[in-house]
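Good morning, and thank you for the time. I would ask you to keep the sequence and the model in view while I go through a few regions.

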Amino acid sequence: MAEPGDWTSQPIPPRQQSQRSFARTLASSRTSASHRRIASDDFSLSCRSQADETFELNRPSTVSPEPRQWLPIMGASGVASPTITMTSEPVWSDGGDLGSGSFPTSPKRAPSFSQPQEGLDGFQSVPVSASQSTRPKPAPMQFEDVPADYYSPAPSSRSFFSPRGRFQHSRTNSHTNLLSTPSTIAWRSPRTPPPYSAAIPLARRWWHWRPAWFMYVSFFFGVACAIGHHIFYKSLDGKPAVNQLAMLRYGTVISFAAKAGLVAAVVMAFRQRIWATVRSKFLSVAALDSLFAATEDVTAMLNFEIYKRAKIAVLLAMFVWLTPLVIILTGNTLTMELALWTENTTCPGIRTLNFTMDAIEEWRQPTKINGWYGLSLSYWNKTSEDTGDPYWFDYYTGPTNPLTRVTNQAAYLGQAVGYTGASVDICGAGWNCSYTINFTAPAYKCTELASGVGSEVKPLGNQKPPVGFNTKLILPEGNFSYYAYTSGGDYAFPQMKDSGPGGIPTTGPPFPKNLGAFRTEPVLWIGYAVRTDPDGQPPLNRTMPGWNEAFIPKVMGCEHYVAHYTVAVNLTSGHQFTNVTEREFLYPVMNTTWIQGKDADDGTADNTTAVPASNYVYPANYSNPTALHQYREIGAYHSLGSCLRDFLNGTMNSAQLDNPIQVTKLDQTKLLDQSHDYFLYTNISSMIEEFYQDMILSLFSNQQFVSVVWAAQPHRASGKDMGDEETRYPCVRSRSDTNYVYHERDLWIVYCIAILLAGAGVAAGTLTVLENQGVLRSTRFSSIVAATRGPALEKLGWHGSEDLPRDVKNVRVGYGLVHRAGSGLGVLQEEDSRYPERVVWGGGDVHYGFGLEGDVRQMRSEGSIFRQR
């Protein structure tokens, strides 16, 4: 077994040829030395070029002054490697470094390693005994020799000597070089440019990916997703809420993507802040555990030391944990609410009224639409079966049964009657709609003529009140709470005392001149009583005190007019609602004045006399169509008026208030207030006008009336047709539906806060990257291994268990420059003025990594110059 001091007893095997840089040659020498570590106190290596004996590079190196024995590292075991004899020729490497090529020595030129001697050229042989393959635990801050090179951004390769006696080729890139310990050997030669020197142009592609870009790409991706989320919800705002679950899922996916992008950017910034923190501050092992796990383990946030020592990193970690709120809060910005959906469009089935269609209707050849006969508002008699007879003409008889049925329905329901299915035919299934129509129709105009006991009834225009019609008929002086006379001057039926079937007079022509003539329109004379105290209890009869003070007699008169109507129709949920928004009285239906008490005695059964007689409207034959149409139109108005007058005519005897006696059909209408002893409402005049309007508007309930026409084509009877494109009329369709409601303000409040905080995090990460000369660091396994390799941390009592002792957790650790020598950090010796970026440390090589407080000199970077903090 060889002794430790026998350094020359080992054979020197040949070595394979390899070209390396000068720095890598020295690194390889240190690699070999790590397997054949000697114990000299001051061991120096020198290399002389074969090509130029005058070129000499010397670099001092120190090793541990421990006793001569092996210092094994991973991979070194068994018998010691033999001594290697080699020569070195300095050459310039591809990257611009000054390197050396190592070749096997020939038998003629075989220098050997020997004991170090001052001024000896070449490498010295280092004999090592195989028996000393192990050594005790290294002293604190002693590092094994490892091959290292300064950082190069471009991928590089190097060769190193393995314990198995051959060179191996290693491929490295910028990331692994960043994490490796840079060696100062490559900085020793004055001709070797320092890292990032402007003297070395680095070959780069015209474009290449930079790792730092991912932080910005992630940030802008999150912002783009936030904008996309807004656009998506904006497109749904106000629309029917269909596929609600799918739309909410899509929104959640977009918000999750926005959150993921922002978090990814902040996490990268967080990693940079971790390394910036450990480079500038010492933290306990427990704090480092919490700091490195802050974005993955929420319990790591319970370590209060990191709040004091790493404030920015903690804020970034808190942002990562709070970002799920972005998904939760933005999910509530799209809701479903019941709303009224409206649209201005045209509807095909809208109808209006045109009574001229009733004037031109020929009842002998009735209009027939899709199998349905058109209906007129009036019945007609005739003077002859032969329409060619010169004495033939048709004359008015009375309202038709279909008209009576419709007006009775309006009276009984107390509102205008609409036809079933109007909403579907006009608006469409599931829709409501509204529209406005205009037409000309009859209307009653009511005026108050007397009020109070003993007041005189005023004339209505030229028409005087009926004889004996005064306030004395009404309570409290009279017995009637209601008294209406509506038939004065009405058209008489029959017109002839002697007539056969169809109203044909039995007497031959010529017929009386006024046969069938409209002479006047009856005026509605209505007297009624109003209670002075509607909510009090009135006396039941005149024998009780307070009877005379309990009632006020009133009289009003209503005249039949032709008016222009503007009606708003609303079809909602299958029901028709009408509202007369405007009514303009045009002219009286008959512009004559009834003369009371004067019989006509003109050969007809109608003794009505009115003036002027020239305004009478006479029946006519086909030879005078204009007069014929005018007569039939007046007949339509008269038929409608007669239906109203039939309900209003009569009396209500209230001499015994709790037992009134009625001789009228008024109780079938909405005009009596049954909760107040069947008295009329105080606004009875306007209610009568509305009551008549309801009768007219109820004509729409029977579309067979020829007066019911298309609103878009008022001269075309509609019948029961559904309508088509030619009959479309402006309308507003609406429906109550569940619609999407987008709360835009709430979404942008959430996203703006998240984006601003993420932007601040990215800015912090950017500043950190700039401080580190644009180099990104990570917390991957390789980064941790590179920062913790070597015996720098072996002072601590690490255990195999997962939970470390408390004293170990409390030890402060930092990241920075640690020295290879056992004595700790070296001392700054010199600074090369040619390369101000380079500093030279004495006492051995430097290594970047984690170490205990006091064993690590933490650095900071300003531009490309490293300075002590």
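Let me begin with a term: buried means under 20% relative accessible area, exposed over 50%, and partly exposed in between, with a 1.4 Å probe and protein chains only. This is a predicted model, in which local features need pLDDT of at least 70 and side-chain atom pairs count only at pLDDT 80 or more, whereas totals for chains, interfaces and linings use all residues. Residues are numbered from 1 along each chain as its sequence is written, and side-chain values use heavy atoms, with hydrogens and water left out.

With that term in hand, consider Gly428, which is buried because its relative accessible area is 18%. Gly428 lies in the loop between helix H11 (422–427) and strand S15; helices (H or I, at least four residues) and strands (E, at least two) are DSSP runs, numbered from the N terminus. Contact here means heavy atoms within 4.5 Å. Apart from neighbours within four places in sequence, Gly428 is in contact with Ser423 and Arg733. The C-alpha atoms of Gly428 and Gly349 are separated by 9.7 Å, although the two residues are 79 apart along the chain.

I turn to the strands. Two strands pair if DSSP finds at least two bridges between them. Strand S15 (residues 432–451) runs antiparallel to strand S27 (residues 729–742), and 3 bridges join them. Ser434 has Val732 in S27 as its bridge partner.

How many bridges join S15 to strand S18 (residues 551–572)? There are 18, and the two strands run antiparallel. Ala450 is bridged to Val555 in S18, and Ser451 stands opposite Lys554.

S18 also has strand S17 as an antiparallel partner, through 8 bridges; there, Arg531 stands opposite Phe551. With strand S19 (residues 575–588), S18 pairs in the antiparallel sense over 12 bridges, and Tyr565 has Arg583 in S19 as its partner. S18 and S19 form a hairpin with 2 residues between them, and Ser573 in the turn has a positive phi of about 55 degrees. S18 is mostly covered, as 16 of its 22 residues are buried.

Next, Thr520, in the loop between strand S16 (480–485) and strand S17 (524–531). Is Thr520 buried or exposed? It is buried, because its relative accessible area is 3%. Beyond neighbours within four places in sequence, the contacts of Thr520 include Gly489, Met590 and Trp594. Its side chain makes a polar contact with the side chain of Thr592 at 3.2 Å. A polar contact is a pair of N or O atoms within 3.5 Å; within protein, one must be able to donate a hydrogen and the other to accept it, and residues adjacent in sequence count only if both atoms are side-chain atoms.

Finally, the helices. The axes of helix H3 (residues 213–236) and helix H14 (residues 744–771) come within 10 Å and cross at roughly 175 degrees. Axes are lines fitted to C-alpha atoms, for helices over the stretch in contact, and angles run from 0 to 180 degrees between N-to-C directions. H3 and H14 are therefore roughly antiparallel to each other, a label for angles over 145 degrees, with under 35 counting as roughly parallel, 65 to 115 as roughly perpendicular and the rest as oblique.
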